[in-house]
Amino acid sequence: CQPVPGTSARYRLNNVPRPPCLSYLLCYSGVSRDLAGSAFNTRVAECQQAAQQLSAGARHLGQVPAQQRTEAALSKLPALLARRARHVYSEMGRVETGAAAWAAGDWVTFGELMNASCQSSIHDYESGSEWLIALHEYASTIPGVYGNRFSGGGYGGCLFMLVDVEQLAAVAESLRSRYVQRYPAMHDHVRLVVAESEGSVRVFS
């Protein structure tokens with residue numbers, strides 16, 4: 001499987017071609033995402049506090065000078081704020097590394113970065129819900145899944161996976177079976193959706 005010609009290592013939000021050997025698979029956990037009732041706003045406030053302590057006058061972490069984003073600088077923050085800032089800055093690094101891996105057709109590295117992102121969301125940003133964490137753990141052990149992470153804030157909703165297209169059906173069946181076995185009440189609510197660049201979706205019922 002080769003990268004799509006013309007793919008740039010530079011991150012572009014609206015230009016992420018998908019090679020034909022890969023597929024995007026989303027699994028809806030059966031639990032609706034509700035940011036208003038989640039800790040989302042708390043996390044935003046914590047990131048703002050971290051920025052202000054790292055650099056006077058900074059309103060958000062993006063305004064903190066590069067020399068103040070080091071692990072040494074973060075270690076001087078309260079532990080909770082250090083974790084929040086570490087998540088944000090490590091995510092920025094993963095975007096740059098991931099763009100280069102995608103451009104090179106290195107799907108294994110790209111998938112590892114997705115998994116690292118999800119782990120950072122769980123442990124440093126503390127945004128995962130019980131159901132999404134379970135899906136992440138299951139998906140991480142299924143052959144054919146290069147990588148996976150939460151979609152959006154991670155307080156509910158979907159798990160997003162990068163999957164070998166030839167193993168797509170097997171991945172969907174395995175993930176659904178294991179998830180429903182653990183959460184029988186989700187049997188009629190969990191959904192697996194293949195997202196394609198063809199302007200439509202397919203649902204595994």
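**Chatting through the fold**

Visitor: How much of the protein is buried?
Guide: Buried residues account for 41% of its 205 residues. Keep in mind that this is a predicted model.

Visitor: OK, and how many helices and strands?
Guide: There are 6 helices and 5 strands. Going along the sequence, the order is β-α-α-α-α-α-β-β-α-β-β.

Visitor: Which residues touch the most other members of the largest nonpolar core?
Guide: Leu-25, Met-161 and Leu-175 do, in a core of 27 residues.

Visitor: Which elements give two or more residues to this core?
Guide: Strands S1 (22-28), S2 (145-150), S3 (158-164) and S4 (191-195), plus helices H4, H5 (130-139) and H6 (168-182). H6 gives the most, with 6 residues.

Visitor: What lies apart from it?
Guide: Another core, of 15 residues, including Ala-51, Leu-54, Leu-81 and Tyr-89.

Visitor: Switching to helices: at what angle do H3 and H4 cross?
Guide: Roughly 170°, with the axes of H3 (residues 79-103) and H4 (residues 107-123) coming within 9 Å. Angles over 145 degrees count as roughly antiparallel, so H3 is roughly antiparallel to H4.

Visitor: Which residues meet there?
Guide: On the H3 side, they include Arg-83, His-87, Glu-91 and Trp-102. H4 brings, among others, Trp-107, Phe-110, Leu-113 and His-123.

Visitor: And how many of the contact residues are nonpolar, polar or charged?
Guide: The H3 and H4 contact has 6 nonpolar, 9 polar and 3 charged residues.

Visitor: Last one: what's the accessible surface?
Guide: About 10,600 Å², and carbon and sulfur atoms hold 53% of that.

Conventions:
Residues numbered from 1 in each chain as written. Predicted model: local features only at pLDDT ≥ 70, side-chain atom pairs only at ≥ 80, totals over all residues. Heavy atoms only, no water. Axes fitted to C-alpha atoms, helices over the stretch in contact; angles between N-to-C directions. Helix = DSSP H or I, 4+ residues; strand = E, 2+ residues; numbered from the N terminus. Parallel < 35°, antiparallel > 145°, perpendicular 65-115°, else oblique. Contact = heavy atoms within 4.5 Å. Nonpolar A, V, L, I, M, F, W, Y, C, P; charged D, E, K, R; others polar. Core = buried A, V, L, I, M, F, W, Y, C linked by side-chain atoms within 4.5 Å. Buried < 20%, exposed > 50% of the residue type's maximum accessible area, 1.4 Å probe, protein only. Areas by Shrake-Rupley, 256 points an atom, 1.4 Å probe, with all protein chains shown as cover.
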